[in-house]
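Here is a short briefing for you to read alongside the model. Please take a look at the sequence and structure first.

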Amino acid sequence: MKKFLLSAISLIIAASVFAQDTTSSSSSVVRRRSGERPGAKSETPGVTPRMQSHFEETPVDDSELQWMRVMYRELDLTKDENGALYYPDEPVEGQENLFRIILGRMADGSLTAYEYLDGREAFTDNYKVKMRDVLDRFHILYSDAKGSTEKNPKFTIEESDVPTSEVLSYYIIEKWVFDRRTNRMRNHIEAVCPVLHRSGDFGGEAIRYPMFWVKYDDLRPFLTTQTIFTDDDNNLATCTYDDFFQLGLYKGDIYKTRNLKNKSLMQIHPDPDELAHARDSIQQRLDSYEKKLWVPSLDELAERREAAEKAALKAEAETAGEEASVSTAEEKPARSARASRSKRGATKSTATKSKPAKVKKPKAAKTSSSATRSVRNRRR
């Protein structure tokens, strides 16, 4: 009996030890996404691989693309559509505008910036900019933060020293691609560039200084944590900066397309009317490119035919209306001329009728033309 009890106790102890070993081994397991190497770190400081994998898209090789067009847009923050990127100009209840987020993440070493090369951008290590050089170049006051080293510099910038009131526009690079894998058109923002509008010592028109480029994929994890207002009718901040860009809620003019001569649209089309026409033409081609790739269905053909017939009828009605108005305009002078002639005739006849009748004078009594013979001559 004692042997049986001892064996039972030993089995219970062994089972408990095995369970503890299993629990400890399972708790030390670290989950990682497929294809990730053990101990791999994110390229963006301060962003975990899990965060980065959630936002970065699977890289697409150029061989899998059928068509690509690179656009440069200017987002004017003075326009109401882009006001969400500028306001609040001062931090309010934890909300910051886009430039404060970019500059703050660069100051603490969480975000990397690249040189502005005006159409020849290269997002490689050779073109990375140093934060200290950026602050000195644009005269932004700063101090070295605690824990800053020469290899990993960190900076402290006072809120009042951030030139948010001078960053009045942004440049963005858009990539419009048609992906063969998904057979659809995609618009991907590649980079964002703050533009500083600063006047000289003697005033005058402000000069624009493009500051640096920031890759949107590196910036995106920080944009998803900041909610913004996009509508004055809804006072709930239900949209994030990332939603604002991904949904295309911004409005900007195309100022350049990637070309061999690296010229802007203003250099190619110096006339303002030609420039506006070129921008509209490029945007229309972007919007209609995907539609032209597919054979329309019978329903779409019927809708197009019906729309064409309605347009033709409307054009005929407008043409008939114009012809009627022209004929009416031509007949109006003739009618007025006839009316004036008839009026003159009526006036003349009225004047003739109203003319007083001539009063006939009584005729004088006729006298004989032969002389009356006197008695004296008769006696003779």
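What follows is a set of notes grouped by topic.

This is a predicted model, in which local features need pLDDT of at least 70 and side-chain atom pairs count only at pLDDT 80 or more, while totals for chains, interfaces and linings use all residues. Residues are numbered from 1 along each chain as its sequence is written, and side-chain values use heavy atoms, with hydrogens and water left out.

**Overall picture**

- The chain has ten helices and eleven strands; helices (H or I, at least four residues) and strands (E, at least two) are DSSP runs, numbered from the N terminus.
- Of the 380 residues of the chain, 28% count as buried, where buried means under 20% relative accessible area, exposed over 50%, and partly exposed in between, with a 1.4 Å probe and protein chains only.
- The accessible surface comes to about 27,600 Å², and 52% of that belongs to carbon and sulfur atoms; these areas come from the Shrake-Rupley method with a 1.4 Å probe, and for residues only the protein chains shown count as cover.
- Among contacts with a separation of 6 or more, 63% are between residues 24 or more positions apart; contact means heavy atoms within 4.5 Å.

**Nonpolar cores**

- A nonpolar core is a set of buried Ala, Val, Leu, Ile, Met, Phe, Trp, Tyr and Cys residues joined through side-chain atoms within 4.5 Å.
- The largest core has 42 residues, of which L98, I102, Y170 and F245 touch the most other members.
- At least two residues of this core come from each of α3 (98-107), α4 (131-137), β5 (167-179), β6 (184-200), α5 (216-223) and α6 (241-246), and α3 gives the most, with seven residues.
- Leaving out residues up to four places away in sequence, L98 touches L85, Y170, L219, L223, Y241 and F245.
- A second, separate core has eleven residues, including V70, F123, Y171 and A191.

**Helix α5**

- Seven of the eight residues of α5 are buried, so this helix is largely enclosed by the rest of the structure.
- Those buried residues are Y216, D218, L219, R220, P221, F222 and L223.

**Strand pairing around β1**

- Strand β1 (residues 65-76) runs antiparallel to β5, with eleven bridges joining them; two strands pair if DSSP finds at least two bridges between them.
- L65 has D179 as its bridge partner in β5.
- β1 also pairs with β11 (residues 253-257) in the antiparallel sense, over four bridges, and the bridge partner of M71 in β11 is T257.

**Two buried loop residues**

- E121 sits in the loop between β2 (113-114) and α4, and it is buried, with a relative accessible area of 15%.
- Apart from neighbours within four places in sequence, E121 is in contact with Y72, Y116, I173 and W213.
- E121 and I173 are 52 residues apart in sequence, and their C-alpha atoms are 10.0 Å apart in space.
- N82 lies in the loop between β1 and α3 and counts as buried, at 0% relative accessibility.
- Beyond neighbours within four places in sequence, N82 is in contact with L75, D76, L77, F244, Y250 and K251.
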